[in-house]
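Hello,

Here is the structure we spoke about, with the sequence alongside. Notes on what turned up follow below.

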Amino acid sequence: MNTTRFSTASRRIFRVLAGGLFLLASGLAQAADDAAVQRGWAVYQQHQCYSCHGTMGQGGERGAGPRIAPNPFPFAAFEMQLRQPRGVVPRDTAQAIDAQRLPDLYAYVAGIPASPAVASIPLLRDAMRAP
């Protein structure tokens with residue numbers, strides 16, 4: 001039986017190339033995600049979602065709109081709420097955000113980070129300790 005074995009050098013070259021391809025693919029995916037977030041931010045601004053949901057998705061004042069970030073609903077539920085709202089969503093907004101832009105809007109909302117804990121903000125932490 002004639003079997004060929006790869007040399008140690010060949011295996012190392014293969015690992016380096018495979019690792020490089022993985023990093024390249026990861027970088028391209030990250031760039032695509034960043035572009036989707038930027039497009040989603042534009043949709044959020046264009047349709048004035050912030051007027052009800054707040055600038056960071058935290059929810060509007062006096063119940064104007066629910067909190068949608070951080071940690072939004074799964075995409076399917078997000079889409080259903082926009083298309084068939086349980087509450088009030090401006091009809092023109094729901095119809096104007098097409099199927100191509102909705103994933104971008106979701107990418108933006110999903111990418112909004114959580115606020116830092118109060119204890120991690122020195123001024124607030126100190127204010128909580130004051131008598």
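The largest share of the lining of the largest pocket comes from α3, which gives four residues. Please keep in mind that this is a predicted model.

The largest pocket holds about 610 Å³ of space. Its lining consists of 30 residues, and those nearest the centre are His-53, Pro-66, Ile-68, Gln-81 and Val-89. At least two lining residues come from each of α2 (50–53), α3 (75–83) and α5 (102–110). Sorted by class, the lining has 18 nonpolar residues, ten polar and two charged.

His-53 belongs to helix α2. Its relative accessible area is 18%, under the 20% cut-off, so His-53 counts as buried. A polar atom of the His-53 side chain lies 2.9 Å from the backbone oxygen of Pro-66. Beyond its neighbours within four places in sequence, His-53 is in contact with Tyr-44, Gln-58, Gly-59, Gly-60, Gly-65, Pro-66 and Ile-68.

The largest nonpolar core has 14 residues; Tyr-44, Phe-78, Ile-97, Leu-102, Leu-105, Tyr-108 and Val-109 touch the most other members. At least two residues of this core come from each of α1 (8–46), α3 and α5. The largest share, five residues, is supplied by α5. As for Tyr-108, setting aside residues up to four places away in sequence, it touches Val-37, Gly-40, Trp-41, Tyr-44 and Thr-55.

Regards

Conventions. Residues are numbered from 1 along each chain as its sequence is written. This is a predicted model: local features need pLDDT of at least 70, side-chain atom pairs count only at pLDDT 80 or more; totals for chains, interfaces and linings use all residues. Side-chain values use heavy atoms; hydrogens and water are left out. On a 1 Å grid over the protein atoms alone, a cavity is a set of points where a 1.4 Å probe fits but cannot get out, and a pocket is an open set with protein on both sides within 12 Å along at least five of seven lines; lining residues have an atom within 4 Å of a point. Grid points are joined across faces, edges and corners, and a volume is the space filled by probe spheres set on the points. Ala, Val, Leu, Ile, Met, Phe, Trp, Tyr, Cys and Pro count as nonpolar, Asp, Glu, Lys and Arg as charged, and the others, Gly among them, as polar. Buried means under 20% relative accessible area, exposed over 50%, partly exposed in between (1.4 Å probe, protein chains only). A polar contact is a pair of N or O atoms within 3.5 Å; within protein, one must be able to donate a hydrogen and the other to accept it, and residues adjacent in sequence count only if both atoms are side-chain atoms. Contact means heavy atoms within 4.5 Å. A nonpolar core is a set of buried Ala, Val, Leu, Ile, Met, Phe, Trp, Tyr and Cys residues joined through side-chain atoms within 4.5 Å.
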